[in-house]
Amino acid sequence: MRCCLLIAAAAIPAASPGLAQGDPGKYRVVGGAGLVTCQDWLRARESGGVVLAQIESWVAGYLSAYNRHVAPDGNILAGRDPQSLLDWGEKFCRKNPAMTIAAASDAMVFELNRAKEKK
């Protein structure tokens, strides 16, 4: 229960449309897996386990909060499968290992919005 509360609390900053759409990492993350680095996530992807589940659950919560509170149509993920999001995150994190998971998630939202606008 405590873990779920931390994940939910950490996702709340995603409700700011101006920041979530164009200023990656420029908001305060309350806590949780959003504060770990991309490099930590890449290591966790290799070994699996609880840390990987926590990080990926944080990202899922972030994207869900964005859908609920910001996305105009309520679904920024339309037509995307979870694996494609993980692949995008891995590619991004390999280029930006020092970034936090929160900043990487922010960048993902920015890219998803950009791709949706091109359609």
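Predicted model: local features only at pLDDT ≥ 70, side-chain atom pairs only at ≥ 80, totals over all residues.
Reader: Why are H3 and H4 called oblique to each other?

Author: Helix H3 (residues 38-47) and helix H4 (residues 50-69) pack at an angle of about 125 degrees, with their axes 8 Å apart. Angles under 35 degrees count as roughly parallel, over 145 as roughly antiparallel, 65 to 115 as roughly perpendicular and the rest as oblique. H3 and H4 are therefore oblique. Axes here are lines fitted to C-alpha atoms, for helices over the stretch in contact, and angles run from 0 to 180 degrees between N-to-C directions. Helices are DSSP runs (H or I, at least four residues), numbered from the N terminus.

Reader: What makes the contact of H3 with H4?

Author: Trp41, Ala44 and Arg45 of H3 meet Val51, Leu52, Ile55 and Glu56 of H4, where contact means heavy atoms within 4.5 Å. By class, that gives five nonpolar, no polar and two charged residues; Ala, Val, Leu, Ile, Met, Phe, Trp, Tyr, Cys and Pro count as nonpolar, Asp, Glu, Lys and Arg as charged, and the others, Gly among them, as polar.

Reader: And why is H5 called oblique to H6?

Author: The axes of H5 and H6 come within 10 Å and cross at roughly 120 degrees, and that makes H5 oblique to H6. Leu85, Trp88, Gly89, Phe92 and Cys93 in H5 meet Ala104, Ala107, Met108, Glu111 and Leu112 in H6. This contact has eight nonpolar, one polar and one charged residues.

Reader: What makes up the largest nonpolar core?

Author: A nonpolar core is a set of buried Ala, Val, Leu, Ile, Met, Phe, Trp, Tyr and Cys residues joined through side-chain atoms within 4.5 Å. The largest has 26 residues, and those with the most contacts inside it are Trp41, Trp58, Leu63, Cys93 and Leu112. H3, H4, helix H5 (82-95) and helix H6 (101-118) each supply at least two residues of this core.

Reader: How do you know whether Asn67 is buried or exposed?

Author: Asn67, in helix H4, has a relative accessible area of 13%. Buried means under 20% relative accessible area, exposed over 50%, partly exposed in between (1.4 Å probe, protein chains only). Asn67 is therefore buried.

Methods
Residues numbered from 1 in each chain as written. Heavy atoms only, no water.
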